[in-house]
Amino acid sequence: MTSKEIIKKLQPTSIRSQLILGIAIVNIVLMSVFILEMMDRQKTSFLKLNHDRTLGLSINLASTANSYVISYELARLQKLVSTYKEIPNLEYAFVTSDDGTVLAHSDKKYLGLKATDAISAKLKPVNTTQILLEDNNILDIATPILNHNEIVGWARIGVSQKYIEPYITEIWNRGIVFILISLIAGSLFAVVVASGLSRGLQKLVTVAGKIRSGDRNLRAEPSGSGEISQLGTAFNQMLDDISANEKLLNMVLENMPVGVFILDSQGKVLSLNPAAQQIWEGAKYVSKGDYNVYKGWFPNGKEIQSHEWGAAVALNENRAVINQEAEIEGFEGNRKTILNSCIPMHDTGGKIVGVISINVDITERKKAEEKIRESEERYRSIISVSNTGAWEYHGNSEYLWCSPEYFSMLGRKQSDYNISGSKNLQETWIDLLHPEDRERSIGHFAEYLKKGSVGTYENYFRMLHIDGSWVWIWSRGQTLSDINGNLTNFTVGTHIDITEQKKAEERIRASEKTRKHIINSALDAIVGMNKEGLVTIWTPQAERIFGWKEEEVLGKKMSEVIIPHQQRVHHERGLAHYTKTGEGPLLNRTMEVAALHKSGKEFPVELSIAVVKDTDNDFFCAFIRDITERKEAEKKLKQNEEKNRALIENISDTIVLINEKLEVVYQSPSFIRTAGLTLHDHKDRTVLQVMHPDELDECLDIINNSKRSPSVAIPFQLRTLHKNGNYIWVEGTVTNLLQNESVNAFVLNYRDITERKNAENELKEMNEQLRLLSSHLQSIREEERTSMAREIHDELGQQLTGLKMDIISFKRKNEKVFPEIIKETEKMTHLIDETVKTVRRIATELRPGILDDLGLTAAIEWQAIEFEKRTGIKCLVDAEEVSEDYSGDINTAVFRIFQESLTNVARHAEAKEVRAKLSVDSNVLVLEIEDDGKGISEERKNNKTSLGLLGMKERAGILRGEFSIRKNADKGTCVTLKIPIQYKVF
């Protein structure tokens, strides 16, 4: 027994069994498809959520870390990165310098290392956020940290994606349970349904057949229960109760999405449904003569008169009016576009008893069509002529833009001509025309523009090749229309080199070969057909589009070759109608239809049919263009628009559009999460009214800067009103897109940074407290040094001096008695002298008295002399006298920094000379120290364990000063200190 026989034997034969099996199978299949589709959507949703979250974290880390990286505040940067460890599923977060060195990491063991792994190798040096790795395990996104549009580092976020798969597995496990439950429930339901339907079904079928044959008095007897009995009852009600049908009709009319008017035989409006009242913004029950209260205009702008409305035409001419397009004005003054169809109703004798009029609101569709037509206008115009050498003529500026191919067919280069947008018609066209063709060609183009640029411009002329020869050009063009159908000052066209064609025409002008050559050179397919419907012309482009060779189709019926099966009857009728009347509804106009390929596949084409009058006989000539790619492009454009809209609606940052009056015209959903305000809350007030009063001037400056710089993103940080009455900090950019017709607004893109601002303020207060503490410690240290220096100098110095005097006295008294001892006392005297010098030196180093007695300038000059004596390194000082009216802490800080700088030169610089300069510039005390040594290395400069450099920076910071150290280009190191002398220490 074959498999087919086995299946046939197992297949249930009764209606009841078939219904049970069918419903059960459909139920389980639908449930399985639903579970699988839900799994796929959930996984996609998880991945997208993870992607958006990781992207936001990376961008936020780059934005927040920017100032720390630029100022090289690594401690703050590390503290910032450490906060990211609390983020769920985070694998790592770190910031690197532009060369890949890790500056801060969520795992501190990587600090100072260089990111050289395979993932980091994918990082490209471009100013955009990049996805370095995205798989089932991890998602790694890097965002550049920029300083004046230069990359100074990277912010990297790695988030695990392993948690997604367990969720999907759980959905599948639960789905299996639901499938089993659905199978059981569906089977039980199928048993109940099948039992009800099987009883009395045949009787009901028999009754229905008799009723269909004309026995209207026959009624179905109630049989069984359930749907079969209900169906029999419904048959009886349909035949018995006409009023029920009328009620049903009224219900349908009430709920129809299109407007429906019911008129009597005199044209009086009897009723209209709610949709019609909504379209017309009310209703007026008038007769034919008063239809002008319903205001409307034809597409050409002509106002519709009373007798021209579709209902009047249907009554007067007893014919249906289908899809009469009109722009209407509702009774509240709003304009819309509708399709008006009116169908006369007749009684059994053929007499008109009324009219039903149907209105379809196509306003939104027309707007969409206008946008598509506007976006495709230039493309269609260019491809309607040629793709060889393109040109664009701007009539209002006499500017002619020409493509590179335009010049290359003349052996020239586009770069040799002016394409800046100024007047250049003379240079790019007129000067290159043949003297014999110049006046005629210029006049022909001027005549085309003078007549209103209607139709297609076409001309032939010769142009000068760079080698001195003349090139025959076939020029075609068309003037574009705006969205209202009005012609613009913008004309586009092509140039085709027809030099060889002209030569051929001169040799065989009168031959049929010339005509066929021209036809075959057309970009569109050209197909000819005689009155019998047989193919007479088939160009190579037709072969390419339809797949048929010329020899395969010549003499065959056109309907059997390229016309789809469902349209062949209409084709034959139309051909017969033209043969009889000489008229055809499809002639001399362009339309989009479906065509048939040799393979049997249908595809869209743009078709234009013309009748060619021949001396012997007329024939039809069709110009056909394959528009499959264009249709796909339109579809893709629509999909991209929907995708972009979805991205904007779900982005975490807030996007707001404001018009030139600073009124909010659009806000993304995230705005409600940020500020708690809806678009309705912004009604009757501008953006300035929700800004913090202290920042109104800054807000106006930002808007004015944006007006002066269209399409440039202007950054801002401002406070805006929250719905709860408080002000929140926001950070973002504003871009002026008023000139962009599709936007026509300022675009604000920002995020809530209130928490970050609060954290910055807390950090600032903490740093201020640390600086106060550091200043206090420095002051105590200097006071202790001063006290210690005085005690050493005064107490110990006096004691040593007294000791020396005692020894001298002892020497004088016992010089003759104890000569040997006297010799030893001389050594003691010498040792005491050396000890006094050491005491003075230590006291001076602890706190040089010259600093307190003679001031900063003298102290620096003294220190330079001491340094030169001690090290042998020449030290030159250029110090001007500075006022001593400011705080003594400034003197101490500057002197200590000078001391530390000289110490570093002696230890590390290997220098032969040091130059120091002390000056005052605009109430700022400036100290510059420069040596000619080997220069400080970047490693030492950035070494955070170098206490000397950290101490100098901290001393400068306490006084609100600036400290910098750099390696000179040629050799040596330069230290610069700037301190405002008006600043008073805490």
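In which loop does Glu910 lie? Glu910 sits in the loop between α26 and β28. This is a predicted model, where local features need pLDDT of at least 70, side-chain atom pairs count only at pLDDT 80 or more, and totals for chains, interfaces and linings use all residues. Residues are numbered from 1 along each chain as its sequence is written, and side-chain values use heavy atoms, with hydrogens and water left out.

**Overall make-up**

- The protein chain has 28 helices and 31 strands. Helices (H or I, at least four residues) and strands (E, at least two) are DSSP runs, numbered from the N terminus.
- Of the 986 residues in the protein chain, 38% are buried. Buried means under 20% relative accessible area, exposed over 50%, and partly exposed in between, with a 1.4 Å probe and protein chains only.
- Among contacts in the protein chain with a separation of 6 or more, 52% join residues 24 or more positions apart. Contact means heavy atoms within 4.5 Å.

**Nonpolar cores**

- The largest nonpolar core holds 35 residues. Such a core is a set of buried Ala, Val, Leu, Ile, Met, Phe, Trp, Tyr and Cys residues joined through side-chain atoms within 4.5 Å.
- Ile860, Val894, Phe898, Val914 and Leu927 touch the most other members.
- Elements that each supply at least two residues of this core include α25 (856-871), α26 (888-909), β28 (913-921) and β29 (924-931).
- The largest share, nine residues, comes from α26.
- Beyond its neighbours within four places in sequence, Leu927 contacts Ile860, Val894, Phe898, Lys917, Leu918, Val975, Thr976 and Leu977.
- A second, separate core has 26 residues, among them Ala525, Met529, Tyr578 and Phe603.

**Cavities**

- The whole structure contains four cavities of 30 Å³ or more. On a 1 Å grid over the protein atoms alone, a cavity is a set of points where a 1.4 Å probe fits but cannot get out; lining residues have an atom within 4 Å of a point.
- The second largest cavity has a volume of about 180 Å³. Grid points are joined across faces, edges and corners, and a volume is the space filled by probe spheres set on the points.
- Its lining includes Phe261, Trp280, Tyr291, Trp309, Asn340 and Asn359.
- β6 (259-264), β10 (335-346) and β11 (352-361) are the elements giving two or more residues to that lining.
- By class, the lining has nine nonpolar, three polar and no charged residues. Ala, Val, Leu, Ile, Met, Phe, Trp, Tyr, Cys and Pro count as nonpolar, Asp, Glu, Lys and Arg as charged, and the others, Gly among them, as polar.

- In α3 (residues 74-82), Leu74, Leu77, Gln78, Leu80 and Val81 are buried.
- Seen down the axis of α3, these buried residues fall within an arc of 160 degrees, so they line one face of the helix. The arc is that of the directions from the helix axis to the C-beta atoms.
- Ala75 and Lys79 are exposed on the face of α3 turned away from its buried side.
- Ser441 belongs to α13 (residues 435-450). At 0% relative accessibility, Ser441 is buried.
- Not counting residues up to four places away in sequence, Ser441 touches Trp429, Leu433, Asn459, Tyr460 and Phe461.

- Glu281 has phi near 60 degrees, a positive value in a residue other than glycine. Glu281 lies in the loop between α8 (274-280) and β8 (295-297) and is buried, with a relative accessible area of 15%.
- Glu910 also has a positive phi, near 55 degrees. Glu910 is exposed, with a relative accessible area of 64%.

Conventions
On a 1 Å grid over the protein atoms alone, a cavity is a set of points where a 1.4 Å probe fits but cannot get out, and a pocket is an open set with protein on both sides within 12 Å along at least five of seven lines; lining residues have an atom within 4 Å of a point.
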